[in-house]
Amino acid sequence: MKVLLLKDPKDKESGPDPYIKELGLYGFEATLIPVLSFEFVSLESLFEKLSHPECYGGLVFTSPRALEAIKICLKENSKNEAWSKSLKQRWNTKPAYVVGKATASLVEEVGLTPQGEKSGNAEKLAEYICSREKPNSSALLFPCGALKREVLPTVLREKGIPLESLTVYQTTQHTDLQESLSSYFSQQGVPASVVFFSPSGVRFCLQHIQKLSGDFINNIKFAAIGPTTAEAMEAAGVPVSCTAESPTPQALAAGIQKALHLQNC
């Protein structure tokens, strides 16, 4: 049975995409279609803030893209040298809060130690931060996207925990999305399941999928990587057959298998 994953493929250097691999263990034939493109902005401002760890109480990351922004900064020799020589060690005396495992692994790649990776979503991460931070302490630096949700900033503000947000990337539709979807449906037909990985994915893909599926749309089991995406799907009128218990390949594959009533292969 075919599963369509509306997400970017994992970096090819690190081997096969873990979602395709895990779904394959259940006997599913999974295909990835990249949905989003990212434009990085304010990188000079980002590094300027990273250059002054003494001004902040820690870091908050709710997206792998925010770490990509930092990695782009560190490609410059002078910035990489400053980071390696002292900034990294100084930031490591402060918490680096993260929302999940993918973000946590990227935090480790830049030499920092992540905290809160089991949170899984912004609401739980906000609760975790509130349990560890004191009101009116130094602000937490929050590099984020232009489409960030307000859940985490709102919860922290209500608890008196300062947060300084900086937009470091903007999200747009992938230039090949429509063509990729048309090609998939014409060659592979209507998949048994379609998985959304973000509210932006719902916004950019849904109309195309409805058009391409036609009368067969009701045969598709729609799945969400997490509760935030599930909410966006429900708001758009999409029946959610499965929400992964955690944003991992294992949880998603198990959820889809259950939703399609398949025997474990």
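Predicted model: local features only at pLDDT ≥ 70, side-chain atom pairs only at ≥ 80, totals over all residues.
Q: Which residues lie closest to the centre of the second largest pocket?
A: The second largest pocket is lined by 16 residues. Of these, the closest to the centre are K118, S119, G120, S246 and P247.

Q: Why do the buried residues of helix 6 line one face of the helix?
A: Helix 6 spans residues 122–132, and its buried residues are A122, L125, A126 and I129. Viewed down the axis of helix 6, these residues line one face because they fall within an arc of 105°.

Q: Which exposed residues does helix 6 carry on the face turned away from its buried side?
A: A residue is exposed when its relative accessible area is over 50%. On the face of helix 6 turned away from the buried side, the exposed residues are E127 and S131.

Q: What covers the buried residues of helix 6?
A: The cover over the buried residues of helix 6 includes both strands and a helix. Among these elements are strand 4 (58–61), strand 5 (96–98), strand 7 (140–145) and helix 7 (151–158).

Q: Where is S42, and what is its phi?
A: S42 is in the loop between strand 3 (36–40) and helix 2 (43–50). At 37% relative accessibility, S42 counts as partly exposed. Although S42 is not a glycine, its phi is positive, at about 55°.

Q: Is N136 buried or exposed?
A: N136 is found in the loop between helix 6 and strand 7. Its phi is positive, near 60°, in a residue other than glycine. The relative accessible area of N136 is 69%, and the cut-off for this class is over 50%, so N136 is exposed.

Q: What distance in space separates G189 and F216, C-alpha to C-alpha?
A: G189 is found in the loop between helix 8 (177–188) and strand 9 (193–196). With a relative accessible area of 25%, G189 is partly exposed. G189 and F216 are 27 residues apart in sequence, and their C-alpha to C-alpha distance is 10.0 Å.

Methods. Residues numbered from 1 in each chain as written. Heavy atoms only, no water. 1 Å grid on protein atoms, 1.4 Å probe; cavity = no way out; pocket = protein on both sides within 12 Å on 5 of 7 lines; lining within 4 Å. Buried < 20%, exposed > 50% of the residue type's maximum accessible area, 1.4 Å probe, protein only. Helix = DSSP H or I, 4+ residues; strand = E, 2+ residues; numbered from the N terminus. Arc of directions from axis to C-beta. Contact = heavy atoms within 4.5 Å.
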